Amino acid sequence: MVSAKVLIMLTIIVYLGGMVGIGVYCSKKNENVGDFYLGGRKLGPFVTAMSAEASDMSGWLLMGLPGLAYIAGIAEPVWTAIGLGIGTYINWLMVAKRIRTYTHEVNAITLPDFFSLRYRDDKNILMGIAALFIIVFFIPYTASGFAACGKLFSSIFAIDYLPAMIISAIVIVAYTATGGFLAASTTDLIQSIVMSIALVVVVFFGIHVAGGIDAVAANANSMVDYLSLTASHAVGEGTTTPYGFLTIVSTLAWGLGYFGMPHILLRFMAIEDKEKLKLSRRIATIWVFIAMGVAIFIGVVGNAMTAAGVLPFLEGSSSETIIVVISDFLSRYGALAAILGGVILAGILASTMSTADSQLLAASSSFSQNLVRGFFRVNISEKTAMVLARASVLGIAVIGAFIARDPNSSVFRIVSFAWAGFGATFGPVVLTSLFWKRSNKQGALAGMIVGGVMVFVWKYLVRPMGGIWDIYELLPAFLLALAAIVIVSLATAEPSKEIQDEFDRVKASL
């Protein structure tokens, strides 16, 4: 009889093989660098929606959120999910159509491209600074994805973490480097479906094994403030800490991050018909709210399974493996259950890979397209540019894998810092470039630098002071960056008539 482990492994191998196959297929459609990085602006509304959200919902959806709910109650994950849900909707409503129209008008294929072309930055300083920040924040973000995959294989198959992580990274690089943006977007669609299946299977199986929905509710209610939205419960210790108004506002600020996410904004830029963005918005928003809600509920169900003696207690960062542990338990119920367990684990891989591939593309485009060809003005042929693009994907992946060699870190915490970095560095610049005609090159540069630097300053110097200073670094850094753009733009010369006329043309075409 074939063992459960073998069936799980075969299911995952089939899934990974399919992803690489898509990369090879899509590679035939990449005729130039624009195709590689933006898919020739040919994405349909459904692929655009699900690709954007799959690339957004990284390993923290199936690992971070359930783990946080499992170990600390629902306050932080629920407020985070609310902030992200609102941010998702507003980003699709306000930014998607406008950035698709504006980037098409100026012929930009990356976010740094757009900044330089929008403000007529002939020296490409905006492009260079933006590219550097993208690389700085994306490398550890990508590393967290590799680490999540490594933890998955290591915990399930009892193999060493390092080779497990490296194998995962190789697969992601294989289909991303061959197929580029089109491959990443197509696989994202498939991965979002697999993620959805994983969430549904886990939640229903978990409720059944825990003793039913009444048992799950009774367990949650038995812990003081576990279900409270104004307090956090330390599971295992039985202590609670207040989750006050300032902390709630700080957590809701996660939603601000969407305005500056290069890998999400690229999906807006790539849709074939901007008039179909309304459909994409509805699909994306509904999926996001449902997926995050189910992910949080899985943490609650997992805690009930531990209380029922079905699962061991998962301490600290090991709580992020709750879905892995549940799927392993499911696989003991026969061949079909083992295959379902494999699908669930493939779902975790999907959530991680769908973000890692987009991050690799954004980071490699920043290096090859924006730094080498843009800022340093190295004149290379289109064929050489394609080789450089693929080589940069590989090089950045190697650095990410090196950082990911240590598995003892929280996926949720790493992602939260990188999210803050992108949100504060690019969010205010994106919004003012799209909605404020008076913003200029000097203001955009000031906002970008202030936002990026303040994320580090607040995280490591201000926030440790505690009290009123204990605010998620995205919120103060975002507000200070926005203030810098406004102050510097008003203190310097207004944009040229050419820039203002272009702004008016874009606005009129919406």
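Which helix gives the most to the nonpolar patch? Helix α5 does, with three residues. The structure is a predicted model, in which local features need pLDDT of at least 70, side-chain atom pairs count only at pLDDT 80 or more, and totals for chains, interfaces and linings use all residues. Residues are numbered from 1 along each chain as its sequence is written, and side-chain values use heavy atoms, with hydrogens and water left out.

The patch lies on the surface and is formed by Tyr89, Leu93, Met94 and Phe435. Together these residues have about 350 Å² of accessible area (Shrake-Rupley method, 1.4 Å probe, with only the protein chains shown counting as cover for residues). Patch residues have over 30% relative accessible area and no salt bridge; nonpolar side chains (Val, Leu, Ile, Met, Phe, Trp, Tyr) are joined within 5 Å, like charges within 9 Å. Tyrosine 89 is placed in helix α5. Helices are DSSP runs (H or I, at least four residues), as are strands (E, at least two), numbered from the N terminus.

Helix α5 spans residues 75-106 and packs against helix α12, residues 277-307. Their axes are 10 Å apart, at an angle of about 170°. Axes are lines fitted to C-alpha atoms, for helices over the stretch in contact; angles run from 0 to 180 degrees between N-to-C directions. The two helices are therefore roughly antiparallel (over 145 degrees; under 35 is roughly parallel, 65 to 115 roughly perpendicular and the rest oblique). The crossing of α5 and α12 is right-handed, a term for a near helix turned clockwise from the far one by less than a right angle, with anticlockwise being left-handed. The contact of α5 with α12 holds 15 nonpolar, four polar and three charged residues. Ala, Val, Leu, Ile, Met, Phe, Trp, Tyr, Cys and Pro count as nonpolar; Asp, Glu, Lys and Arg count as charged; the others, Gly among them, are polar.

Helix α6 covers residues 111-118, and its axis comes within 10 Å of that of α5. The two axes cross at roughly 65°, which means that α5 is roughly perpendicular to α6. This crossing is left-handed. Helix α19 also packs with α5, at about 135° and with axes 10 Å apart. That angle makes α5 oblique to α19. The crossing of α5 and α19 is right-handed.

Nine salt bridges are counted (a side-chain nitrogen of Lys or Arg within 4 Å of a carboxyl oxygen of Asp or Glu). Glutamate 498 lies in helix α19 (residues 497-509) and arginine 120 in the loop between α6 and α7 (125-157), so the pair ties together parts 378 residues apart in sequence.
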